[in-house]
Amino acid sequence: WVHVAPHIALLTTKSGIRILEVEMGIGAPAIKGDLISVKTKMFSTTDDGWKKGRHIFSNSSDDEVVTIALGQKNPHVLPGLEEGVFKMRQGAKRKLVLIPKLAYGSEGDSEVGVEGNAIVLLFVEVVDLKK
């Protein structure tokens, strides 16, 4: 998370998510209607940089995973996370930069430890994909 080499381009979606592909994975990409299970590490920052992120959540150190039914708009899943895992493959890894409106918004979430208007940085790894 500390640095992104200047020659590496981040893909920016229409909604504003920035994506860095770390590993492509194998098999068919996740699409609407699929169940995708991921491990995540999440950081937040009020500075739009990779260096000042504060680690706030991680489920990658144990067996817990987050399972997302793509296209179902689950209120317990950050909109940016659901969009950011779209088209990932089994075993794929990505770094995502979520703007506030696709993360915790202007209010933030004190239970999770995210300030209002924070940019959320996610490292996501696909551990299961069901078509």
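Student: In which loop is K87 found?

Tutor: This is a predicted model. In this model, K87 is found in the loop between α1 and β6. Look at its backbone as well: K87 has a positive phi of about 75° although it is not a glycine.

Student: Is K87 buried or exposed?

Tutor: Compare its relative accessible area with the cut-off, since exposed means over 50%. K87 has 51%, so it is exposed.

Student: Which residue other than glycine has a phi near 50°?

Tutor: That is K73, and the value is positive. K73 sits in the loop between β5 (66–69) and α1. Its relative accessible area is 71%, so K73 is exposed.

Student: How do I read a nonpolar core?

Tutor: Begin with the general idea. In soluble globular proteins, nonpolar side chains tend to be buried together. Here the largest nonpolar core has 23 residues. Those with the most contacts inside it are I36, L81, V85, L96, L98, L122 and V124.

Student: Which elements give two or more residues to this core?

Tutor: They are β3 (35–45), α1 (79–85), β6 (93–98) and β7 (119–130). The largest share, five residues, comes from β7.

Student: What does I36 touch, leaving out residues up to four places away in sequence?

Tutor: I36 touches A30, V66, T67, I68, L70, V85, M88, V126, D128 and L129.

Student: How many salt bridges does a search of the whole structure find?

Tutor: The search finds four. To read one, look for a side-chain nitrogen of Lys or Arg within 4 Å of a carboxyl oxygen of Asp or Glu. One case is E23 with K93, at 3.6 Å from N to O. E23 lies in strand β2 (residues 18–23) and K93 in strand β6, so the pair ties together parts that are 70 residues apart in sequence. E23 is partly exposed, with a relative accessible area of 39%.

Student: Where do K131 and D34 lie?

Tutor: K131 and D34 meet through their side chains in a salt bridge, at 2.7 Å from N to O. K131 lies in the segment after β7 and D34 in the loop between β2 and β3, so this pair ties together parts that are 97 residues apart in sequence. K131 is exposed at 57% relative accessibility, whereas D34 is buried at 5%.

Student: Which residue does K130 meet in a salt bridge?

Tutor: K130 meets D128, at 2.5 Å from N to O. K130 is partly exposed, with a relative accessible area of 47%. D128 is partly exposed too, at 26%, and D128 is also among the residues that I36 touches.

How values were computed
Residues are numbered from 1 along each chain as its sequence is written. This is a predicted model: local features need pLDDT of at least 70, side-chain atom pairs count only at pLDDT 80 or more; totals for chains, interfaces and linings use all residues. Side-chain values use heavy atoms; hydrogens and water are left out. A nonpolar core is a set of buried Ala, Val, Leu, Ile, Met, Phe, Trp, Tyr and Cys residues joined through side-chain atoms within 4.5 Å. Buried means under 20% relative accessible area, exposed over 50%, partly exposed in between (1.4 Å probe, protein chains only). Helices (H or I, at least four residues) and strands (E, at least two) are DSSP runs, numbered from the N terminus. Contact means heavy atoms within 4.5 Å.
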